[in-house]
Each structure stands twice: as C-alpha cells, then as structure tokens.
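Colleague: I would like to learn how to read the features of a model one by one, with the general idea stated before the case. Could we go through it together?

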Amino acid sequence: MKYKYIFYIPHYQKNSNGLAVLWEAAVNFSQFRDVTVCTFHNGIDEVPMPDKFNKLKILRGDEIWRLNLTKKHIVVYADGVQDNPFNHTNIARYLMCKPYILNGLGYNINQYDYCFAYS
C-alpha cells in the first residue's frame, strides 16, 4: 500500500532546529510519497521559508479541514499538537523536546501512535 503523509505542523521557524528538521522530513518524504503539509500559527509570526519548501503542497486555515483522509494516510503531528485533531487512526508523533516545555502540556499519546524524537 502506498501511504500518503499529512504533516500537521507549525509554520516554519528558522530558529527552531526541531521544527526545521520536521519540515526537512516533509521535503524528503515528498521525494517518494504524496505529502501535504497543513501548517498553523503557533504563537510566533511566520517567517519566509527556504525555496526548497516551495515544492510542497501546503494548506493553511480552513482548507486544512476539507481534506478527505483514507486508510492510506498517515498523519504526522508535532508534539505541541494535543489529541488527534484529524480524528484519524494512522498517527505518527514527532517529539521535539521534553513534555511541558512547548505548551505547558504533557504528551497525549495513544498506545498505537508511532513516536519518533528529534533529540
């Protein structure tokens, strides 16, 4: 089965190595799979992205919630995302730092979530 990836992640920030690596992962995945980045405001103003991210399919605002997810989709959440906003079953969680540091909340992980860490 050819999976499709949905990265639900904050706007690109050049001063966040963990977030920059996650954006880089989206670019790398897009070389071999269908990738959509759903980006959102996370308390910091959006900065210009490097040109290499221009080839990604990027959704913002209401267009994010018009996605029609299937069993072939894997949703990748950054660790600042609580719960499962897409209410999907195939979830990967990217852990950038210790719990409580980014948003004052701990991780909310399902036993079936695939977790991978920056550091």
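Modeller: Let us start with accessibility, where buried means under 20% relative accessible area, exposed means over 50% and partly exposed lies in between, with a 1.4 Å probe and protein chains only. At 45% relative accessibility, Asp 83 therefore counts as partly exposed. Please keep in mind that this is a predicted model, in which local features need pLDDT of at least 70 and side-chain atom pairs count only at pLDDT 80 or more, while totals for chains, interfaces and linings use all residues. Residues are numbered from 1 along each chain as its sequence is written, and side-chain values use heavy atoms, with hydrogens and water left out.

Colleague: Where does Asp 83 lie, and what is its phi?

Modeller: The general idea is that most residues other than glycine have a negative phi. Asp 83, although not a glycine, has a positive phi of about 60 degrees, and Asp 83 lies in the loop between E4 and E5. The labels follow DSSP runs numbered from the N terminus, with helices (H or I) of at least four residues and strands (E) of at least two. Asn 87 is found in the loop between E4 and E5 and has a positive phi of about 50 degrees, although Asn 87 is not a glycine; with a relative accessible area of 70%, Asn 87 is exposed.

Colleague: How many helices and strands are there in the protein, and in what order do the strands form the sheet?

Modeller: The protein has one helix and six strands, and its elements run β-α-β-β-β-β-β from the N terminus on. Two strands pair if DSSP finds at least two bridges between them. Here six strands form an open sheet in the order E3-E2-E1-E4-E5-E6, with parallel pairing. E3 and E6 stand at the edges with a single partner strand each, so one side of each is left without a neighbour in the sheet. On average, and with direction ignored, neighbouring strands of this sheet are turned by 20 degrees against each other, where axes are lines fitted to C-alpha atoms, for helices over the stretch in contact, and angles run from 0 to 180 degrees between N-to-C directions.

Colleague: How many residues of E4 are buried?

Modeller: E4 is mostly covered, with six of its six residues buried. His 73, Val 75 and Tyr 77 point one way from the strand, Ile 74, Val 76 and Ala 78 point the other way, and all are buried. In the protein, buried residues make up 39% of the 119 residues.

Colleague: How many aromatic pairs does a search of the whole structure find?

Modeller: Rings of Phe, Tyr and Trp (its six-membered ring) pair if their centres lie within 6.5 Å; planes under 30 degrees apart count as stacked, over 60 as edge-to-face and the rest as tilted. The search of the whole structure finds 13 aromatic pairs. One of them, Trp 23 with Phe 53, is edge-to-face, at 5.4 Å centre to centre with 65 degrees between the planes. Trp 23 lies in helix H1 (residues 17–30) and Phe 53 in the loop between strand E2 (34–40) and strand E3 (57–60), so the pair ties together parts that are 30 residues apart in sequence. Both Trp 23 and Phe 53 are buried.

Colleague: Why is the pair of Tyr 94 and Phe 116 tilted?

Modeller: The ring centres of Tyr 94 and Phe 116 are 5.3 Å apart and their planes stand at 50 degrees, so this pair is tilted. Tyr 94 lies in strand E5 (residues 91–95) and Phe 116 in strand E6 (residues 114–117), so the pair ties together parts that are 22 residues apart in sequence. Tyr 94 is buried at 2% relative accessibility, whereas Phe 116 is partly exposed at 28%.
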